[in-house]
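Subject: Structure handover, salt bridges

Hi,

Here is the structure you will be working with. My notes on its salt bridges follow below.

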Amino acid sequence: MTGFLARYRSKQGERGPWELREGIRSRARELRALLLDRISTHAEDDRVQNLAREALEELEKAEQAINHHEHARYKNASHLTVGQIHLDTAHNLLLRLSGPNEMVSMMPGVLAVVQAYLPSTDPRRVGVERIDHWITQKGSLTEEDLELILDAVGVARQASIRETLRVRSFVNIVAWVTGFLAAAAVLLAVLAGVSDDTLPLCFTPGSGVGRSGYSVVCPVRSELQPRFSRLDQNVAAATTPVDYTLVEIVGLVAAAIAAATTLRRIRGTSTPYNVPVVLAVLKLPTGALTAVLGLLLMRGGFVPGLAALDSSAQIIAWAIVFGYAQQLFTRLVDSQAQSVLNAVGAPNAPAAPPPSASPGPRAPAH
């Protein structure tokens, strides 16, 4: 029973795609096998032994980072990013164990990583591209070339992690804003329910030619015939504590429909942070608030010709319009989210034309 509860808590604490976690675990096992092979084949080389041991420690840290039992309080799948950082470090150390001839066969993958995360003007990327062009002609590397390649790969992977952290930061900001808007919507509904006649969502269209007084139309109830001599008394009699709640629910539903239609333009992401979901959730409280604020603007005569709705159905219809119209405000957030996602793992610029010169001074052939 105790073991079952421990496994249940572990699954309850899961964050991020399970596939990414297993991908890090399997990659760590692969690198460990390669490192152990280097240790056994270079038993007399102290440099290889030291670098390999450091790489193995990084792999252990990577596996610990993705282990639920070791991290009960991690949030937002950050453990996957931490695991990837340690995994990249171990792989960089493994590359340092490779000689110039071994690096030649790795150049396609190295070049892809460098071009994906470093801008085309970065000197390290330019140097790697020149070295790659030189390899196609000569098929060899120098120690200086190898050091430049290793430095470029390390910087490129750091840039990759920074892009992933930007996605996390963006998701956290959107989540905080969503929580604030949701709290504001709930607080507004509660205050309006406690004092429903303070700022009512009611309209007072004329009762018709030859008839005195005004009818009062609210989202839930209407008073077609005035019962009191004062207009504010008639409005107070027509309001109900659920007027604001009904309008916010209608606006929220309209915003949910808008969110469903906009998700088709958002691509999925391989990062552990679910950007499309937080964008969709952001639209819900925004739609609830825009529905209320839009009706208040109409009630204040901000929209000429629409200051006096004459039925509850018209009020609900405009609440739907204003709830869907939150897309005007959240569209910029959608665009920014797409830009953030596009920056993750996308090539910064096409590769430069193959240079005719070699990557650096070389000794003349004898």
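Which residue forms a salt bridge with glutamate 63? Arginine 32 does, with the closest N and O atoms 3.1 Å apart. (A salt bridge here is a side-chain nitrogen of Lys or Arg within 4 Å of a carboxyl oxygen of Asp or Glu.) Glutamate 63 sits in helix H3 (residues 46-65) and arginine 32 in helix H2 (residues 18-41), so the pair ties together parts 31 residues apart in sequence. Helices are DSSP runs of H or I, at least four residues, numbered from the N terminus. Arginine 32 is partly exposed, at 21% relative accessible area. (Buried means under 20%, exposed over 50%, and partly exposed in between, with a 1.4 Å probe and protein chains only.)

Before you read on: this is a predicted model, where local features need pLDDT of at least 70, side-chain atom pairs count only at pLDDT 80 or more, and totals for chains, interfaces and linings use all residues. Residues are numbered from 1 along each chain as its sequence is written, and side-chain values use heavy atoms, leaving out hydrogens and water.

The structure holds eight salt bridges. Some others:

- Arginine 125 pairs with glutamate 129 at 2.9 Å, N to O. Both lie in helix H6 (residues 123-138), four residues apart, about one turn of the helix.
- Aspartate 334 pairs with lysine 283, the closest N and O atoms being 2.9 Å apart. Aspartate 334 is in helix H12 (residues 327-342) and lysine 283 in helix H10 (residues 275-299), so this bridge ties together parts 51 residues apart in sequence. Aspartate 334 and lysine 283 are buried.

Best wishes

Technical notes
Helix = DSSP H or I, 4+ residues; strand = E, 2+ residues; numbered from the N terminus.
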